[in-house]
Structure formats: structure tokens, C-alpha cells
Amino acid sequence: LVEMFCAELKKLGLPEDLVLGLEEVSNDLTSELMSAADMVVATGGMGMVKAAYSSGKPAIGVGQGNVQFIDEDADIADAVGKIIIGRAFDNGLICLGEQTVFVPEDKEAEFVAEMKKQGGYLVEGEENVDKLREGLFPGGDAFSRVVVGMFADQVSDEIGLGAPKGTRVLFAKAKALGAGDVLCREKLCPVIAYMTYKTFKEGVAMMEANLEHEGKG
């Protein structure tokens, strides 16, 4: 991949070494690289983020509980399209995948309709949402290794939710923030939770509270 970047840079008359990669990868070499850099942006497990913060150089680490905030005057269709792309990409495995969306209370119906229109499947009814919780976080503990990286319709089949083939994401309304509902945690498959807010100030406070629970870098 780095060689492909370099070839394109050369075509544009730009320095070929603008993009570089380690040919031999090890923890020691990665640490050495981070210590030599001017700025480190780290995405990966907590060990990687901790190593970046310990490199002696300015560092930005990615947290695992990414939250999305839909403002009161946002274009709902546009926002939903981007959220679904972000949640479905790589079957929900990447750190910056959307995890929890905060939606204006008076736009909830429009949000749900748009999610369905663009390939989302609403998991509704207390029994089904509890099934989703248990399927993702058995016993309320660690995330299930069974559904990691599955397509949304495969997750549905595994848990028994009835989503049609080709569903891009499963979504459900969370009952509480942060520790109050496991659906607000990191979900390593195309499942997203949402909550509604009444005022902008309340929505931002909810978003911050959720981020504090599991999402800070």
C-alpha cells in the first residue's frame, strides 16, 4: 500500500517519501518511531494508546465509545447516510465507528424512518432489545467474540432478531446513558444505539456523560 502511495506521489512530482511505513514491525521499532515523530496519532488497543502517550511526544489517542450528535437543524437524511456508512464500514470493527447517536426528540420519527430507508433495521420491543443486549454482551460482561466483525444480517440471524438479508446496520433505542445500558458501550459489529434529547444543552450533556463512560481517548 505504501508503495502504491509513493508511485502516485511520484506521478504528481511530489516527494516519494511523504508516506512511509516500517518494513519490519515490532514493539521496539514502533516505540522508536513514535519517539522520533513530532506528533503521534494512535488508534488500536489500550496498550497502543498508552505507548503513544508515553512516547515523550504530543499524542492523540482514539477512545472506543464514539458518539454522534445530530443537531436540531441538521439534514437528517444526510446525517443518517454518513452515520450508516461509518457504522457499517469494515463491519463495525474500527475504533472510530459510530456507537451511540443523540437525536433531537422532535426528529426521532424522521430519524428512525430515514435509518430504515437507508438500510437500518430497528430492533424494537423490550424482549427483542434485551435479546440484542444479551447477544452482544452475554451476562452484561465482555463483548461476545461470536458476533465480532459480522455483517448486520448475520448478527441478527445469530441472535434471532429477524432482520432481512442486506440490512446494513441494526439500531435500537438505549434506555439509559453510559453504565445504565450496555448498548452505549463499544460494539464491534454494525449495531448502533440512539437516544433522544429535548434541548441542545441537554443533548451535549448527555453526549459528554456517555463519552466519559467508555469513550475518551
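1. How many helices and strands are there in the protein chain? There are 8 helices and 7 strands, taken as DSSP runs (H or I of at least four residues for helices, E of at least two for strands) and numbered from the N terminus. This is a predicted model, in which local features need pLDDT of at least 70 and side-chain atom pairs count only at pLDDT 80 or more, while totals for chains, interfaces and linings use all residues. Residues are numbered from 1 along each chain as its sequence is written, and side-chain values use heavy atoms, with hydrogens and water left out.

2. The structure holds 6 aromatic pairs, where rings of Phe, Tyr and Trp (its six-membered ring) pair if their centres lie within 6.5 Å, and planes under 30 degrees apart count as stacked, over 60 as edge-to-face and the rest as tilted. Phe-69 and Tyr-197 count as stacked because their ring centres are 4.9 Å apart and their planes lie at 15 degrees. This pair links distant parts of the chain, since Phe-69 belongs to strand S3 (residues 67–69) and Tyr-197 to strand S7 (residues 191–197), 128 residues apart.

3. Tyr-197 is buried, with a relative accessible area of 1%, whereas Phe-69, at 23%, counts as partly exposed (buried means under 20% relative accessible area, exposed over 50%, partly exposed in between, with a 1.4 Å probe and protein chains only). Phe-69 and Tyr-197 form one aromatic cluster with Phe-200.

4. Of the 217 residues of the protein chain, 41% count as buried, and Phe-137 and Phe-143 are both buried.
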